[in-house]
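Hi,

Here is the structure I promised to pass on.

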Amino acid sequence: MNCQHVRKFLTSQGSPVEPEAAQHLRNCASCRRFAERMDAVRRELRRHQTVVEPDGSFSARVLDRLAAQPSPPATELLGWAALRLLPVTLMLALLLGGWSLISGPNPETLLTSVDQDPLAWVLNEEAGGP
Ligand SMILES: [Zn+2]
């Protein structure tokens, strides 16, 4: 076990350490200091660990407060969203329209070329076009 393995083990498992890791810790002062620091951090975390549980009426109080606050009507929210989305939608429509105009082939030429044997048409397309 190298230093990296031992430290990974120490950060994920803590103590008790595997025999292999313990062997490494006896021989490696650097990892021993690392283990001591990890222990100190764990002790400190446990010391400050407090569990806060809300009393039984907590959710009722939250719901009461939510009900007391005026919320904007749904139509107002929809109008806000439409105002924000309209420019984006118009821009996308213009971009797509422009792109479909400059990129070929147009639907009409596609339809006339499919009037030929469809298999030959597909094979021709795959081969790189006429
Ligand atoms: Zn080490």
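Below is what I found in it, starting with how to read the model.

This is a predicted model, so to speak of local features a pLDDT of at least 70 is needed, side-chain atom pairs count only at pLDDT 80 or more, and totals for chains, interfaces and linings use all residues. Residues are numbered from 1 along each chain as its sequence is written.

The overall picture first. The protein has seven helices and zero strands; these are DSSP runs numbered from the N terminus, with helices being H or I of at least four residues and strands E of at least two. Buried residues make up 4% of the 130 residues. Here a residue is buried if 20 or more other C-beta atoms lie within 10 Å of its own, exposed if 12 or fewer, and partly exposed in between, with C-beta atoms placed from the backbone.

Now to the pairing of H1 (residues 3–12) and H3. Their axes come within 10 Å and cross at roughly 10°. (Axes are lines fitted to C-alpha atoms, for helices over the stretch in contact, and angles run from 0 to 180 degrees between N-to-C directions.) That makes H1 roughly parallel to H3, a label for angles under 35 degrees. On the H1 side, Cys3, Val6, Arg7, Leu10 and Thr11 meet Ser30, Cys31, Phe34, Ala35 and Met38 of H3. Contact means that the C-beta atoms of two residues, placed from the backbone, lie within 7 Å.

Alanine 35 sits in H3 (residues 29–48). Alanine 35 is buried, because 23 other C-beta atoms lie within 10 Å. Leaving aside neighbours within four places in sequence, alanine 35 is in contact with Leu10 and Leu25.

Threonine 11, in H1, is exposed, with 12 other C-beta atoms within 10 Å. Threonine 11 and alanine 35 are 24 residues apart in sequence, and their C-alpha atoms are 8.6 Å apart in space. From threonine 11 to arginine 42, 31 residues along the chain, the C-alpha separation is 10.0 Å.

Finally, take a look at H5 (residues 74–102). Its 29 residues reach 41 Å from first C-alpha to last, close to the 42 Å expected at 1.5 Å a residue, where the expected span is 1.5 Å times one less than the number of residues. The count of buried residues in H5 is zero.

Cheers

Definitions and conventions:
Angles under 35 degrees count as roughly parallel, over 145 as roughly antiparallel, 65 to 115 as roughly perpendicular and the rest as oblique.
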